[in-house]
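Notebook open, model loaded. I want to jot down what I look up as I go.

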Amino acid sequence: MDQALVGMCVNERRFVKIPPKLAYGSEGVPGVIPPNAVLHFDVLLIDLWNLEDEVQVQTYFRPEKCPRTVQVSDFVRYHYNGTFLDGTLFDSSHNRMRTYDTYVGIGWLIPGMDQGLLGMCVGEKRIITIPPFLAYGEDGDGKEIPGQASLVFDVVLLDLHNPKDGIAIENQLVPESCERRSQTGDFLRYHYNGTLLDGTLFDSSYSRNRTYDTYVGKGYVIAGMDEGLLGVCTGEKRRIIIPPHLGYGEEGRGKIPGSAVLVFDIHVVDFHNPSDSVSITVHYKPSNCTVLSKKGDYLKYHYNASLLDGTLLDSTHSLGKTYNIVLGSGQVVLGMDMGLQDMCVGERRTVVIPPHLGYGEDGVEGEVPGSAVLVFDIELLELVSGLPEGYMFVWNGEVSPNLFEEIDQNHDGEVILEEFSEYIQTQVDTGKGKLAPGFDFEKIVKNMFTNQDRDGNGKVTAEEFKLKDQEAKEEHDEL
């Protein structure tokens, strides 16, 4: 038998015939083998090892990019099939649908596996063959693995990190112009794809067609993302690799397994700080720029409105008509009211409006995203000076001492709305008076009349009628 087994391979089957002189000779084995017996053996070799054997590693797939390999004290997540040398399966993480997660090189594994995993890349596949004295030895594991068994592990490495790791940042695109970088307390809107180290996608803002919006550096997101989003520019693309102790830890969450390294490919759409005000950049100012816009002025202007990433939201040019407002009257968002101040006709400027001075957290459904920074490129085309604050109508000359009598055309001692409206229209048409520009004539005159009609009976008497400077600190917009 000593001769017959030499040269056999595992899983080889031999029929061995042994003459008596190479077996038990003329004595035999009492009660079992008679003297001078020829012995016949049907042999199947199941396992084979030598005391000089070491762990054998055969890599059959290795990724082109391998920025890091397994070192002593690293924590790894891997799948495996465990078989004996003859191919019999004794264990499989795939069957359990859960990776095997452990530290490497510090005695948490059998010695042969501790050695066999060293130097692996994420995504690498290798066969690790371990002799029994580097596995479970003479006793086996007391369950599936018998004593003196060589073990074969078919391993694919899915994840790798070290407890001392911080986040890793790989810049993919940094805009040439970067006037400002994000800081603690800023509010960011960004898109992302979130994957595991092996490329498995677990989440994507793109699939929801909505940015992820959050404060940074204040604990609103996992610690690794809080750190990785600092120092970015609007429009920047970067990859943030986050070890589990700065991600979702040993427990994981949802589609994220425990102890998983996370990879976020992010694209920063915009950011602002709640303390930000409107930013104004003047591109052109006429040489004659003495009349500047102020509250109450009636303005006509063209604009292009976009997001910080350049996405066009709206344009008066495409509509073929100007946008017309009374400055400071609440007809536009507060940031635009601020951005149109102190402009002269012909001036062109860019106004950047943070969301708290724009459309806020809600935005405008289907038009402006929530928490979006807005960019308006503006050209002021016309300016009609408004009236002093609190006035709806002013006289261009001296006020008649018999004003009430002039308005009261039928001299019945009472002025009705029709008389009042006709009189104001005449003063405007003849240039003797001026209404606040930009408002509907009927509405403004009715408002003026209502303010004079103090008892609300639809008629104004001489006792009710007062000019603005005759008011006793009453809050009325008067003549």
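This is a predicted model: local features need pLDDT of at least 70, side-chain atom pairs count only at pLDDT 80 or more; totals for chains, interfaces and linings use all residues.

Residues are numbered from 1 along each chain as its sequence is written, and side-chain values use heavy atoms, with hydrogens and water left out.

**Domains**

**UniProt spans**

The unreviewed UniProt entry has "domain: PPIase FKBP-type" at 1-49, 73-161, 185-272 and 296-384. Its positions are in the numbering used here, feature names are shortened, and annotations may be inferred rather than shown by experiment. I looked at residues 73-161: 11% helix, 39% strand, end C-alpha atoms 9 Å apart. Residues 296-384 also come out at 11% helix and 39% strand, with 9 Å between the end C-alpha atoms.

The entry, unreviewed, also lists "domain: EF-hand" at 395-430 and 440-475. For 395-430 I get 50% helix and 8% strand, with the end C-alpha atoms 11 Å apart.

**Helix α10**

I then went to α10, twelve residues at 441-452. It reaches 17 Å from first C-alpha to last, close to the 16 Å expected, where the expected span is 1.5 Å times one less than the number of residues.

Which residues of α10 are buried (under 20% relative accessible area; exposed is over 50%, partly exposed in between; 1.4 Å probe, protein chains only)? I find Ile444, Val445, Met448, Phe449, Asn451 and Gln452. They sit on the same side of α10 because they cover an arc of only 160° around the axis, taken from the directions from the helix axis to the C-beta atoms. On the other side, Glu442, Lys443 and Lys446 are exposed.

The buried residues pack against β21 (393-395), β22 (414-415), α9 (417-429), β23 (433-435) and β24 (460-461). At the start of α10, a side-chain oxygen of Asp440 comes to within 3.3 Å of the backbone nitrogen of Glu442.

**Leu201**

Last stop: Leu201, in strand β11 (201-204). Leu201 is exposed, at 52% relative accessible area. Beyond neighbours within four places in sequence, Leu201 is in contact (heavy atoms within 4.5 Å) with Asn193, Gly194 and Thr195.

Conventions: Helices (H or I, at least four residues) and strands (E, at least two) are DSSP runs, numbered from the N terminus. A polar contact is a pair of N or O atoms within 3.5 Å; within protein, one must be able to donate a hydrogen and the other to accept it, and residues adjacent in sequence count only if both atoms are side-chain atoms.
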